[in-house]
Amino acid sequence: MSRAQPQEKKGRTGRAFCALLLATSVLALLRPTALHAQQTELRGEVSESAILSDQQRRARQLSKANTQVKPAPADTAPTGNTPTAYVPASDGALPDDTDPSQAGANSIFDPPATIDDSFADKPPTVQPRRPSTAKQRAAADADKAKDKTKAADKKKPGKATDQTTTAATPDGTAAGDADQDTANRRVLTVDGVDRHPGAERTDAIEGQKKKLEDDPYAAPGIKVGSFLLRPTLEQGVAVTSNADSSAGGKSAVLSETALRFSAASDWRENSAVIDGYGNFRNTISGQKINEARGRIQGTYNVDLDNELRAIAKLGYEIAPESASAPDAIAGVKSQPIRQTVDGSLGVEKDVGKMRFALTGAVSHDIYGDAELTDGTSLSQKDQDNTLYTATLRTGYEISPALTPFAEIELGRRVYDQRIDNKGFERSSTRLGARAGIEVDMGEKLKGEFSAGWLREAIDDENLEAISGATINADLKWSPERGTIIGLTGRTTVEGTTNAGESGDILYSGRLTGERQIRADLTGNAALGLDWRNYTGSDSHDMTLSAEAGLTWWLNRYVGLTSRARTEKLTSNLPGRNYTANSIYLGLKLQR
C-alpha cells in the first residue's frame, strides 16, 4: 500500500502537468498577434516626368556607387569586432543608400506609407545596415584625392576638363546631372506630355491661317448711323451708232456717269432699305445729247402684333421720255421730262399654312412741257394721271419651298384733266386676276411667277378698253456658286393722248446672267425682249436687245469695266424701225 500511493500521486501530477501544457498551448493560439495588413491604397497614374526623375536619381546613385564604393585596402581590413558593409557583387546593383542628402527622397516605386490609419498593423522596424569604418575612411580618402586633382586642373590655364562639368553641387549631386535634370524638366513642362490641361502652347495670332473671304473684292460699305451705305461711282466713254435710240438717231461719242447706292439698316427687329441710282449722258462729239435720269426708293418692314407684318414703300423717279415711245413728240430740242411718285402699303398674315396679303398702291405721273425747235413749248398736262390699286393675295404653303397663290386687283386711273386737249375722257377702271407660285429654295432658287388677265375700261365710250393677258416674273437661280441667272417679266398698260387711240399693253422680259470668273473678274450678259400690242388695231412693236460686259477689279475699291450692247426695234408702223449699237469703257469705284 505504501508503494502504490506514491505511484498514484505521480500519475496525478503528470496529468495535471499535461493539462496545464494543453491550456497554455490553447491560450497561445488564441492570443492575437501583430499581422501585417496588405496595403491596398491606389497609386494612380504615374507621369513620365516622375518616372524620368526616379530613373535619373537611381542613375546618380549608381554612378556614385561605382566611383566611391571600392574594396577596402589590405591594410585596413576589418577586425573581428568591426561590422562589415554589404557590397553588391552583381554589376548594376545598388548599395545601401547612406547619403544623408537623399534621406527624404523616396522612389515613386516605394510602397506608400500609411497615414493616420489607426487600424493598420505596424510592421516591424528593420534597422538598415551601417557602413563599415574602413569603407568610410576609403571614401573620405577618395574624395580628398578628387578635390586635389580638381584644384590642380583649375590652376592649369587653357585646359578644359570634364571634371568641371561634374562638380558636386551643394545638395550632393553632380553639376552636370543637375543641368541635365533641369533641361529635362524644362522640356517636359514646356513641350513635353506632362503639361497642365489647357496650358498647351498655340501659334501666334499673326501666324495663324486666316479665313478666306467669300468675295474679297466686295464693297465693305460705310457706316452711317444705323445704316450701312455702299456707294458706287462709274465714269466712262461710250461710242454709239444711235445716240437717242430712235428712227432718226445719229452716231455720237458720249460721256456717261452712273451713281448707285444701297443703304441697309442693322436694326434688331424691323428693317429698312434705301436704293437709288442716277445716270447722266452728255455728248462729247456727234449728236447732241444732254439727259439725266434717276430713281430712289425706300422699303420699310415692320413686325406687328398677332403675327402681322407690314411693308411700306415710297419711291421717286425722273427720266426723259423715250424717243421711240408711241406718243413721242417730233421736232423737240430734247425729250420732255417725266416724273413718277409712287408708294404702297401692305399687310401680311400667316394662318397655319394659309398666306394672306392685302396691298394698296398709288402712282402719280407728271409730264413736263416739250420745248420745240421753233422756240415754242407744248404743254402735256393733259397726260398727268394717278393710278390707285388694291390687291388681295391668298396662298397656301404646300411645302416650305412652294406656295401657290391667287390675286385679285382692283384699280382706278384718274387724269388730272378730266377731258384731254383732244376732247376725250380718259379716266378708267381697272380689274385684273392672276395665279402663280412663289418659290423659296434659299440661294438656289427664289422668286415668283404669275400669269393672268387685266382689263382697263376707259370712261369715254368712243375708246376701246385696254385688255389682255399678263405675265409677271421675278426669279433668281444659282446653278453653282458664283453664277446667278435672273428672269424678270412685267406687263404694263400704257395710255396715250393721240386722238381716237386707247393705248397699248407692253410686255417686257429680260434674261440676265452673272458669272464670277475669278475673284477679281466678273462677267455679265443680258437678253431682252419687248412686245408692244396696240389696242384697237393689229399694230405692234418688237424690240430685241443683247448685252455683254466684264469688270476687272484692281483692288477692293477700283475696277475697270466694259460692255457692248445692241438693240433693234421692228414695227409694222411706218417710221419706227431703228438699230443702235454701242461700246462702253469706264472706271468703276466702290466703297
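Predicted model: local features only at pLDDT ≥ 70, side-chain atom pairs only at ≥ 80, totals over all residues.

1. I would begin with Arg393, which is part of strand E11, the stretch covering residues 385-396. Its relative accessibility is 17%, and because of that value Arg393 counts as buried, the cut-off for that class being under 20%.

2. The side chain of Arg393 has polar contacts with two glutamate side chains, that of Glu407 at 2.7 Å and that of Glu448 at 3.1 Å. Arg393 also lies over the face of an aromatic ring, that of Phe405, with a distance of 3.7 Å from the ring centre.

3. Once the neighbours within four places in sequence are set aside, the residues in contact with Arg393 include Arg355, Phe356 and Ala357, together with Ala406 and Glu438. Glu407, Glu448 and Phe405, already mentioned for their interactions with this arginine, are also among these contacts.

4. A second case of an arginine over a ring is found at Arg563, which lies over the face of Tyr584 at 4.0 Å from the ring centre.

5. Turning to the strands, E14 (residues 445-458) and E15 (residues 466-477) run antiparallel and are joined by twelve bridges. Within this pairing, Lys446 has Lys476 of E15 as its bridge partner.

6. E15 is in turn joined to strand E16 (residues 483-495), again in antiparallel fashion, by five bridges, and here Leu475 stands opposite Leu487 of E16. Five residues separate the two strands of this hairpin, and Gly482 takes a positive phi near 90° in it.

7. How many aromatic pairs does the structure hold? There are two. In one of them the ring centres of Phe227 and Trp267 are 5.6 Å apart and the planes stand at 75°, so the pair is classed as edge-to-face. This pair links distant parts of the chain, since Phe227 is in strand E2 (residues 227-240) while Trp267 is in the loop between strand E3 (252-265) and strand E4 (271-286), 40 residues apart.

8. In the other pair, the rings of Trp267 and Tyr300 have centres 6.1 Å apart and planes at 75°, so that this pair too is edge-to-face. Because Trp267 lies in the loop between E3 and E4 and Tyr300 in strand E5 (residues 290-303), the pair ties together parts that are 33 residues apart in sequence.

9. Phe227, Trp267 and Tyr300 together form one aromatic cluster.

10. With a relative accessibility of 23%, Ser245 counts as partly exposed.

Terms used
Residues numbered from 1 in each chain as written. Heavy atoms only, no water. Helix = DSSP H or I, 4+ residues; strand = E, 2+ residues; numbered from the N terminus. Buried < 20%, exposed > 50% of the residue type's maximum accessible area, 1.4 Å probe, protein only. Polar contact = N/O pair within 3.5 Å; in protein donor to acceptor, adjacent residues only side chain to side chain. Contact = heavy atoms within 4.5 Å. Pairing = 2+ DSSP bridges. Phe/Tyr/Trp six-rings, centres within 6.5 Å; stacked < 30°, edge-to-face > 60°. Lys NZ or Arg CZ within 6 Å of the ring centre and 35° of its normal.
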